[in-house]
Amino acid sequence: MDLSLTAVELGRKIKNKEISVTEATTAYLDSMEAKEQDINAFVTMDREGALARAAKVQKLIDEGKLTGPLAGVPVGIKDNMCVNGMLTTCASKILGNFKPTFTATAVEKLEEAGAVIVGKTNMDEFAMGSTSETSYFGVTKNPWDLERVPGGSSGGSAAAVAAEEIPYALGSDTGGSIRQPAGFCGVTGMKPTYGRVSRYGLIAYGSSLDQIGPLAKDVTDCASILEVICGKDDRDSTSVKESGDDFTSALVDDVKGMKIGIPKDYFGEGLDPEVKENVLAAAKVLADKGAVIEEFDLSLVEYAIPAYYIIASAEASSNLERFDGVKYGYRTGEFADLHNMYKKTRSEGFGAEVKRRIMLGSFVLSSGYFDAYYMKALRTKALIKQAFDKAFEKYDVILGPVAPTTALKLGESLSDPIKMYLGDIYTVSVNLAGLPGISLPCGTDSKGLPVGLQLLGKHFDEKTIIRAAFAFEQTREYKRPEFAAERGNV
């Protein structure tokens, strides 16, 4: 079977009875088994469950009960989304034996559309990281270069799609965790507007920032997946009922008259010259297609990183207090009393980066520092949102890089947390402001590594960035990493 098919192309072949659901599922499971030793994109693979589900979905397709574009298509789920009865670890020792009794709404919606879940993808522990190196279950590697990171925290999802272990996956984005790994792995990733997709069943990192979204090979796949998973959910008070969710209607090759703003602040010191060159070349492509491109000043960029890490760490320290060894998950073997059990369980169960962020969060929320740090960060968040609102009064789309560099070498930023944090400089503002953003490949650097282009839109205006991304995508072919091409079809 041709593993280079997009999710929608595979869905069409299944619908036309050119490929059965079982054949497609088996092909991807075999691909996973052949490549996982090198990539380590999955924490859990469920061959038995996936094949049983494939037979059930095929029957529903044959009976005409499943007719959507993703019916029968295999999918990987980031391991911070609950799936009933399936190990859900957040890539942490502390949840190493946790099997939830319910399923996340976004995953439920995919299952209702006929998706076949083949496994749970690897990630930075509790989504805290930008490289997918903090997982308790080992480092995920980039299919473009096995000595480099795939980005994070949704690195397993991005690497699995790039390596053709699955046609598409779900990720979560707290400060760029879908868009940055999509950029590093040469695939397309979309962070919807905050509230567009239910967070029910997503194990929280930063509740005011987290958002579930798709990672796939192209814009058409992302639009089709988003149509399925979006919508109001009574189980999530932050989810919103919003019109304009027919995202595939925006797959039009037309950007004539579209106003696109390029923040000068995104192209200063720290940006790799080759990344800059590729992103500006992409802007020129859109200009040649009729878009109006302008540079402008987007203030407060330098404050986005500190504001983000204060808010995210504060929310993490609150969200992660539930992991105490009492009700579920890991519990230390020997302890003197209840408080000693809490302390030892958390000391043994959490990794270094998670501990670092919990301590930072507890510090900024503590008496005497709350006003000096946390409240100031919230005020900065409001100012960043205002700056974007002002920019979107003039522009339909904001264009920039996804990250300052292409994929880093393994271990390069793990020894320097500040360097890892600064790698999120172009993505975190989007989460602080609750905006939608899409990342797609726009070229490669001299080392042959993918460069990511980021397009940002107004609240609940995913359709405009989908249209701009689709129009740009028509000018280039999807590139497979040599790793996927060499391993070929199984």
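A salt bridge here is a side-chain nitrogen of Lys or Arg within 4 Å of a carboxyl oxygen of Asp or Glu. The views below show a predicted model, in which local features need pLDDT of at least 70 and side-chain atom pairs count only at pLDDT 80 or more, while totals for chains, interfaces and linings use all residues. Residues are numbered from 1 along each chain as its sequence is written, and side-chain values use heavy atoms, with hydrogens and water left out.

**View 1. Glutamate 353 and arginine 356 join in a salt bridge.**
Let us start with this pair, whose closest N and O atoms are 2.3 Å apart. Both residues belong to helix α11 (residues 352–365), where a spacing of three residues separates them by about one helical turn. Helices (H or I, at least four residues) and strands (E, at least two) are DSSP runs, numbered from the N terminus. Glutamate 353 is buried, at 7% relative accessible area, whereas arginine 356 is partly exposed at 35%. Buried means under 20% relative accessible area, exposed over 50%, and partly exposed in between (1.4 Å probe, protein chains only).

**View 2. Glutamate 63 forms salt bridges with lysine 59 and lysine 65.**
The side chains of lysine 59 and glutamate 63 come to 2.8 Å, N to O. For lysine 65 and glutamate 63, the closest N and O atoms are 3.3 Å apart. Glutamate 63 itself is partly exposed, with 39% relative accessibility. Lysine 59 is exposed at 53%, and lysine 65 is exposed at 61%. Elsewhere, Asp30, Glu33 and Arg47 are linked in a salt-bridge network. In the whole structure, a search finds 22 salt bridges.

**View 3. Eleven strands form an open sheet with mixed pairing.**
Follow the strands across in the order β1-β3-β2-β4-β6-β5-β10-β11-β9-β7-β8. Strands of a sheet pair through backbone hydrogen bonds, either parallel or antiparallel. Two strands count as paired if DSSP finds at least two bridges between them. At the edges stand β1 (42–45) and β8; each has a single partner strand, so one side of each lacks a neighbour in the sheet. On average, neighbouring strands are turned by 30° against each other, direction ignored. Helix α3 (residues 47–62) lies across β1 and β3 (116–121), running at about 155° to β3. Axes are lines fitted to C-alpha atoms, for helices over the stretch in contact, and angles run from 0 to 180 degrees between N-to-C directions.

**View 4. Strand β7 pairs with β8 and with β9.**
Four of the five residues of β7 (residues 259–263) are buried. Towards β8 (residues 292–296), β7 pairs in the parallel sense over five bridges. Isoleucine 260 has isoleucine 293 as its bridge partner in β8, and proline 263 has phenylalanine 296. Together with helix α8 (residues 273–288), β7 and β8 build a right-handed β-α-β unit. Right-handed means that, with the strands pointing away from the viewer, the path from the first strand over the helix to the second runs clockwise.

**View 5. Serine 177 is a buried loop residue.**
The loop that holds serine 177 runs between β4 (169–173) and α6 (179–185). Serine 177 has a relative accessibility of 6% and counts as buried. Leaving aside neighbours within four places in sequence, serine 177 is in contact with Lys78, Ala127, Gly129, Gly152, Ser153, Ser154 and Ser172. Contact means heavy atoms within 4.5 Å. Look also at the peptide bond from glycine 152 to serine 153, which is cis with omega near 5°. Serine 153 lies in the loop between β3 and α5 (155–162).

**View 6. Cysteine 90 and phenylalanine 460 have positive phi values without being glycine.**
Phi of cysteine 90 is about 55°. This residue sits in the loop between β2 (74–78) and α4 (105–112), and at 1% relative accessibility cysteine 90 counts as buried. For phenylalanine 460, phi is near 60°. The loop between β11 (450–456) and α15 (462–473) is where phenylalanine 460 is found. At 22% relative accessibility, phenylalanine 460 counts as partly exposed.
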